[in-house]
Amino acid sequence: MDIYQVAIRPLLFDLVKTDPEWLHQQTIRSLSWLSQTDIHPAASWVNRSLQKSLCLKDSRLEQTLFGLQFPNPLGLAAGFDKDGVAASIWSSLGFGFAELGTVTFIAQPGNPRPRLFRLPMDKAALNRMGFNNNGAAAMSARLAKSQQDLGWSIPIGINLGKSKVTPLEAAAEDYLNSFRLLKELGDYFVVNVSSPNTPGLRSLQDAAMLSAILDLLQYENQYQKPIFVKIAPDLEWEAIADIISLAKTYKLAGIIATNTTISREGLQTQIISQTGKSPQEEAGGISGAPLRDRSTEVIRFIWQQTQGQIPIIGVGGIFSTEDAWEKITAGASLIQVYTGWIYQGPMMVRQILKGLLSKLEENNLNSICEAVGLEAKIPK
């Protein structure tokens with residue numbers, strides 16, 4: 001029995017009706033404490049206990065992609081650890097990699113509260129956080145110390161966004177400034193031009209605007225760090241094809257598909273209790289189960305258009321082994337979770353990894369690599 005789903009989540013979500021952002025802050029605070037094993041000896045014991053119960057190691061789940069070793073394909077999506085306070089802890093929770101941020105060059109408070117809402121009937125969340133973070137310089141200092149004190153045993157990505165005060169025409173320089181501060185610390189980097197919560201940001205997905213950003217980043221990228229672009233699920237196929245073309249031109253490591261959606265189609269939630277308004281009246285992006293099918297369609301499209309030559313990190317609506325397997329067989333080499341992890345609890349990672357091993361056995365496969373794009377390889 002999963003104590004989180006049976007007792008803890010109902011208590012926090014339904015009985016106490018805990019504010020989602022407050023709960024998130026407390027979780028991050030606890031994870032930050034856990035990372036201070038040199039100051040708090042008890043943190044070492046908790047870490048070992050977590051590893052024992054939440055981690056699953058198996059060589060069939062390992063991959064080497066864009067020069068990085070991934071112990072398993074399941075990672076933490078950007079948005080949870082915005083300032084990188086728990087970089088050294090995510091491996092203890094079973095993740096095969098973790099993406100920090102979104103971080104901006106200029107520290108910013110984000111949008112006014114309330115700005116994060118649960119939609120339990122839809123197994124979803126609505127957020128309009130607005131890239132609240134302490135800035136790239138603060139993250140750089142924290143990660144440098146963390147790397148020196150503890151290091152980390154899984155690849156750590158850094159998701160870069162545009163500072164809200166920076167005009168769109170100066171966006172490329174803004175991304176470059178963040179990258180300069182962090183380029184030695186991240187194992188891979190993500191250009192986030194797809195959040196719906198920074199005015200005008202999604203216009204940077206336009207080929208000309210995105211080219212300007214990638215030009216500067218790749219020129220600066222003397223360490224040859226893998227760079228990804230993260231795209232919205234709401235793009236037309238033609239726009240996605242343009243981004244695929246740019247990914248080839250600029251020799252990007254891959255594409256992350258997808259960010260949150262501005263669509264409200266099919267939602268069952270009528271009223272958000274904190275505001276008394278419907279989701280249709282509230283600004284922000286939807287994550288979780290409503291995003292699952294569309295993000296998988298986008299993954300499938302990118303895989304087919306590139307014949308599997310561009311690595312894809314699939315994210316959106318993963319709650320179960322079936323969801324994870326669907327994205328991998330559609331073409332995702334790696335997958336990420338956030339909303340599903342909040343709903344399912346910390347045991348989710350181990351459960352999905354166990355399920356993926358069962359799927360490999362069912363399909364007579366020796367490695368998770370062999371499952372990537374499998375759906376397209378099987379004759380119809």
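Guide: What follows begins with the strands, passes to the rings and ends with the backbone.

The model is a predicted one, in which local features need pLDDT of at least 70 and side-chain atom pairs count only at pLDDT 80 or more, while totals for chains, interfaces and linings use all residues. Residues are numbered from 1 along each chain as its sequence is written, and side-chain values use heavy atoms, with hydrogens and water left out.

Eight strands form a closed barrel in the order E3-E4-E7-E8-E9-E10-E12-E13, with parallel pairing; helices (H or I, at least four residues) and strands (E, at least two) are DSSP runs numbered from the N terminus, and two strands pair if DSSP finds at least two bridges between them. From one strand to the next the twist averages 25°, where axes are lines fitted to C-alpha atoms, for helices over the stretch in contact, and angles run from 0 to 180 degrees between N-to-C directions. Strand E10 (residues 254-257) pairs with E12 in the parallel sense over three bridges, and Ala-257 has Gly-314 in E12 as its bridge partner.

Turning to the rings, a search of the whole structure finds 14 aromatic pairs; rings of Phe, Tyr and Trp (its six-membered ring) pair if their centres lie within 6.5 Å, and planes under 30 degrees apart count as stacked, over 60 as edge-to-face and the rest as tilted. Phe-66 and Phe-228 have ring centres 5.0 Å apart and planes at 75°, so this pair is edge-to-face. The two lie 162 residues apart and link distant parts of the chain, with Phe-66 in the loop between strand E1 (63-65) and strand E2 (68-70) and Phe-228 in strand E9 (residues 227-231). Phe-66 is partly exposed, with a relative accessible area of 24%, whereas Phe-228 is buried at 0%; buried means under 20% relative accessible area, exposed over 50%, and partly exposed in between (1.4 Å probe, protein chains only). Another edge-to-face pair joins Phe-179 and Phe-189, at 4.9 Å centre to centre and 85° between the planes, and links helix H5 (residues 171-182), which holds Phe-179, to strand E8 (residues 188-192), which holds Phe-189, across ten residues. Both Phe-179 and Phe-189 are buried. Ring pairs also link Phe-66, Phe-70, Phe-97, Tyr-188 and Phe-228 into a cluster.

Charges meet rings as well: the charged end of Lys-123 sits over the ring of Phe-319, 4.6 Å from its centre, and Arg-294 lies over the face of Trp-237 at 4.4 Å from the ring centre. The criterion is that NZ of Lys or CZ of Arg is within 6 Å of the ring centre and within 35 degrees of the ring normal.

As for the backbone, most residues other than glycine have a negative phi, and most peptide bonds are trans. The bond from Gly-101 to Thr-102 is cis, with omega near 15°, and Thr-102 belongs to strand E4 (residues 97-103). Arg-113 and Pro-114 are likewise joined by a cis peptide bond, with omega about -5°, and Pro-114 lies in the loop between E4 and strand E5 (116-119). Gln-307, in the loop between helix H8 (292-306) and strand E12 (312-315), has a positive phi near 50° and counts as exposed at 60% relative accessibility. Asn-364, in the loop between helix H11 (348-362) and helix H12 (374-377), has a positive phi of about 55° and counts as exposed at 68%.
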